[in-house]
Amino acid sequence: MSSIKQIPVIEEKRTNPLARVFDELVRFCRSRSLFLLHYCTGCGAIELPPAMTSRFDMERLGIQPMVSPRQADILLITGYVSIKTLKRVILTYEQMGSPKYVIGICSCTVNGGMYWQSYATAKKLDEYMPVDLYIAGCMPRPEAVIEGLQQLMQRIKTGEAKGWEDYYRNYDYYLGNQQKLFGNDWQTPTDVITEAKHYDLLGEGTLGEHTALLEQHQQPLEALEMRLGHQVKEPAE
Amino acid sequence: MRPENYEAQRQPPSNEFELNFGPNHPGIEGNYALKLKLHGDQVVEAKADGGYLHRGFEKLMEQRLWIQNIALVPRICVPDPSPMELCYSMAVEQLCGLEVPERAQWIRVMQLELSRIAAHLFTFGGHAATTGMYSTMYWGVADRDLLLDLFEEFTGGRVYSIYNIPGGVRRELPDGFLQRVSETLDYLESRLPDYDNLFFKNQVFVRRAKGVGVMSQEQALAWGVTGPNLRATGLAFDVRRDDPYLVYDQLEFEIPTEESGDAWARTLVRRLELVQSIRILRQVVEALPDIRGPIRAPIPNPLAWNVPAGEVYTRVESSKGETCYFVVSNGGPKPYRVHVRGPSSMHAVQVLEKMSVGSRIEDIAQTMFSLDACPPEVDR
Amino acid sequence: MSKEIAHWLDNLLEEIEGIKVRRKSSRRVRVDVPADALPALLELLQGRAGYIHLSAISCVDWIEEEEFELVYHVWSYESHSLVSAHIRIARDPGVYLSVYDLYQPAAFFERDIHEMYGIHFEGSPNMEKFILTEWNGPPPMRKEFDSEAYINEHLSWQNYNPEWLQELIAEGGGIIIPPEEQRFSQKKK
């Protein structure tokens, strides 16, 4: 869980002979149109404008910045994440539509980097969310960023980049670490467990003591009826 | 997060609403947030929300050796790191009474001015992008990269150079380096008319930026604004001239000013400063070959270096304003206290809050980029 | 010109009791005043000597003397000199007056010192948290706050000690000066 290699790869069994071909096509298409979320979490973001613009030009690989997390595929964690930012990063990550990929840029995301003594930054990013790829360096050059993105494209094409599935399968582990850092009343407006059921990714690690703790104080999120027209509910008095 | 999980609630009829502007927003510079209260699309109240980039530098510096902090300080301001290095090095030199060799001082001036040009290209590129002119941003970032190549050649680092150490600079310049600096300056100068035609004379930019985020000189002085933002209101104040450090008192340069104090004037002042920085660099390139000698003063074993007790306040003009360090030593191997006064701590918090009121949502990004707010300096 | 101003400034400063003036260089003046005389000093500097720019307010925690030192750096655009006014206040309860009515930039610095050191400034317009809004611990810049102990309790990180480095060290190479010795070079003194 804490290392990428431990993520279990589950072989899918398909009966339709065309399914495999179709899966490969989908993965190929996914790897060729990646949208990076435009969120500068730390100092590594200063090397992204050169990587995106004329000189190194990421767009020739089909990678473009995107402003809304809903439409983005890649969350770049550019450098150290302070604890205040980490909350927003987790919120953003959960809002992104699956499949989604996380890249940790800079040494600080790996192990705290030069801020290992700092009270304000989180040290290991992969305790709080699954990371598909790390690009080490302080800060990595644009060439390194592009090289890393190409590796990610390769991993998407071969179906290895499955960090997002791990988040659903081992939600309890990640939630536990988040609760340890943010306090037991930590809650995001996202219903990860229902999403895991939706994607059929409910694993052994999805539910556990931490999700039980979450349910205790979580305000139940009830689905509204689908209605036509814009009707608003009267506030309860 | 699924939309059906949200229950829409009836609000009293009103045009007022609140908007969280950032931290994840393309119109904000860096990782920073503004909480806006809006009436229609007009801002009624703005509150800055920082701390997303807080690393506790001042605490970290108390826990590390004097020499270790050299690697830490450039991280405080990402787009323009060199003044931070210099300011800290100067503080340690003044505490120890170290005399910096003349050659090192000239090399430091070169590093500072290269860094200033890079930061200004980046800033007005960013400002252009907020008005929808992405070509200027693409050009600005690409031209900045040429300067980063120079940095890489003589310091070893593209962004964080870690080149200044107390007592001097770390390395001698490579062979033929000054020639390459001069070629890059030629190229940059040849680009300036292009920038003028593309951006500064462009009616799209002029009409968008004029009259946005106006502050008068009295307001700027009362709010503690420094740097290009103060000069855009008509006061010719520059730490390089009025509180000189290094060899700036031997160099010829002017201090460009503008009168109107709006977003347009601030960006124009940066454009005019590019010319002055190029002028300074030309003088450095000319003078450096004749100035020979060591590049750093001998310092004691840096791993067991007890800096004499005392306190010192050093000031350096960065691309954003006056950068100050207040360093206190109690005679130990580590600083007792380092206070970093980033220039943005003034104009990115209080001034931005006050100037946003009354403007429209789409002008906030312009105001922020034209002020050249640098959130990591505020948060430290 | 500047000598005249310096002389004039020295005369001006003599009007305040208990003041110690030390000229550190041609553009830096250090002034030590009793805490209750500081507002009068700043008013004098701003009103009569043109020190209208508050560059910074710094705070130093002298834990052994049970005192906080507050340093007000003011700059004059006319005489081109910087006066650093040092005062000491008791560490407990750590309350002082705001100078916001004289210098507006003070609001930011006072707010910053409030959240980093826990000093309360009476009359400051905004004492809410700005940077540490989601921080529940003690004010982190105080000397008694041990950040290494805090991170060992709340966060996990790994010491970098791979096998190849261990082999090198066993052969007598690797990092020549171990980090422990670097950090406590004080002990040898």
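Tutor: Start with chain C. Of its 189 residues, 47% are buried, meaning under 20% relative accessible area with a 1.4 Å probe and protein chains only, where over 50% is exposed and in between is partly exposed. This is a predicted model, in which local features need pLDDT of at least 70, side-chain atom pairs count only at pLDDT 80 or more, and totals for chains, interfaces and linings use all residues. Residues are numbered from 1 along each chain as its sequence is written, chains are lettered from A and ligands numbered from 1 in written order, and side-chain values use heavy atoms, leaving out hydrogens and water.

Student: How many helices and strands are in chain C?

Tutor: Six helices and seven strands. These are DSSP runs numbered from the N terminus: H or I of at least four residues for helices, E of at least two for strands. In sequence order the pattern is α-β-β-α-β-β-β-β-α-β-α-α-α.

Student: Where does C:Val99 lie?

Tutor: In the loop between β6 (95–97) and α3 (106–117) of chain C.

Student: Is C:Val99 buried or exposed?

Tutor: C:Val99 counts as buried because its relative accessibility is 3%.

Student: What does C:Val99 touch?

Tutor: Leaving aside residues up to four places away in sequence, C:Val99 touches C:Leu42, C:Ile57, C:Tyr72, C:Ala106 and C:Glu110. Contact here means heavy atoms within 4.5 Å.

Student: Which residues have the most contacts inside the largest nonpolar core?

Tutor: B:Met110, B:Tyr325, C:Leu70 and C:Tyr72, in a core of 247 residues. Such a core is a set of buried Ala, Val, Leu, Ile, Met, Phe, Trp, Tyr and Cys residues joined through side-chain atoms within 4.5 Å. Helix α4 (residues 102–130) of chain B gives the largest share, 14 residues.

Student: Switching topic: how many residues of chain B are in contact with chain C?

Tutor: 52 residues of chain B, meeting 49 residues of chain C. Together the two chains bury about 4100 Å², with 54% of it on carbon and sulfur atoms. Buried area is the accessible area (1.4 Å probe) that two parts lose on being put together, summed over both.

Student: Which residues in chain B lose the most area to chain C?

Tutor: B:Lys59, B:Tyr313 and B:Tyr336, together 16% of what that side buries.
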